[in-house]
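Here is a short briefing on a predicted model. It covers charged side-chain pairs, strand order and a few local details.

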Amino acid sequence: FRREWPSVYIAVWNAGPIDPALARAYRTSVNLVMVEAYGPWGLHQFERFAVRLIELRLFGIVHKSIFGIGINDESSAQTLRKEGRWADDPGDLEAQIRWIAKNARDMAGIGFFANSASDHMLRVADELSRRYFLESQ
């Protein structure tokens, strides 16, 4: 696809470990790698960030990658039981953004998966992104 359409911007969502074959494709053919790093999967949030960050650096794609932080504070009770809570209050969200800003400055930025986020949490995400990534430069 990249050879046929060299000017198309390609962004991919990566929801698990990055293996060498994926990393090769990402390095040569993709403009942006959005790394899912949220959810109730047993590890502490910062451990998930750290493991993915090591992979991204190891494979030489950290500069074209962002972490996707999940916000689901307006999910139904049933969905929350199934998916767990993500960054659903300002304190949790700030802790995650602060960790990324401190430890992953070589990343391309930050992103959010917020299909069930409140307007309040979206405003908080905007403000924290500005504070930690724009004003601190």
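Asp106 and Arg57 form a salt bridge through their side chains, 2.8 Å from N to O. Asp106 sits in the loop between α4 (90-103) and β4 (109-113), and Arg57 in helix α2 (residues 45-58), so the bridge ties together parts 49 residues apart in sequence. Across the whole structure, a search finds 6 salt bridges.

**Exposure of the Asp106–Arg57 pair**

- Asp106 is partly exposed, because its relative accessibility is 33%, between the 20% and 50% limits.
- Arg57 also falls in the partly exposed class, at 40% relative accessibility.

**Other salt bridges**

- Glu94 and Arg131 meet through their side chains at 3.1 Å, N to O. This pair links distant parts of the chain: Glu94 belongs to helix α4 and Arg131 to helix α5 (residues 119-134), 37 residues apart.
- Arg131 has 34% relative accessibility and counts as partly exposed.
- Arg130 and Glu135 form a salt bridge as well, at 3.9 Å from N to O. The cut-off for such a pair is 4 Å.
- Arg130 is partly exposed at 36% relative accessible area, whereas Glu135 is exposed at 55%.
- Side chains of opposite charge can pair when their charged atoms come close.

**The sheet**

- In what order do the 4 strands of the open sheet run? The order is β1-β2-β3-β4, with parallel pairing.
- β1 and β4 stand at the edges with a single partner strand each, so one side of each has no neighbour in the sheet.
- From one strand to the next, the twist averages 30°.
- β3 (residues 65-70) pairs with β4 in the parallel sense, over 5 bridges.
- Ile69 has Phe112, in β4, as its bridge partner.
- Helix α4 lies across β3 and β4 and runs at about 170° to β3.

**Around Ala15**

- Where is Ala15 found? Ala15 lies in the loop between β1 (11-14) and α1 (20-29).
- Is Ala15 buried or exposed? Ala15 is exposed, because its relative accessible area is 56%, and the exposed class begins over 50%.
- Ala15 and Glu36 are 21 residues apart in sequence, yet their C-alpha atoms are 5.0 Å apart in space.

Definitions and conventions:
Residues are numbered from 1 along each chain as its sequence is written. This is a predicted model: local features need pLDDT of at least 70, side-chain atom pairs count only at pLDDT 80 or more; totals for chains, interfaces and linings use all residues. Side-chain values use heavy atoms; hydrogens and water are left out. Helices (H or I, at least four residues) and strands (E, at least two) are DSSP runs, numbered from the N terminus. Buried means under 20% relative accessible area, exposed over 50%, partly exposed in between (1.4 Å probe, protein chains only). Two strands pair if DSSP finds at least two bridges between them. Axes are lines fitted to C-alpha atoms, for helices over the stretch in contact, and angles run from 0 to 180 degrees between N-to-C directions. Contact means heavy atoms within 4.5 Å.
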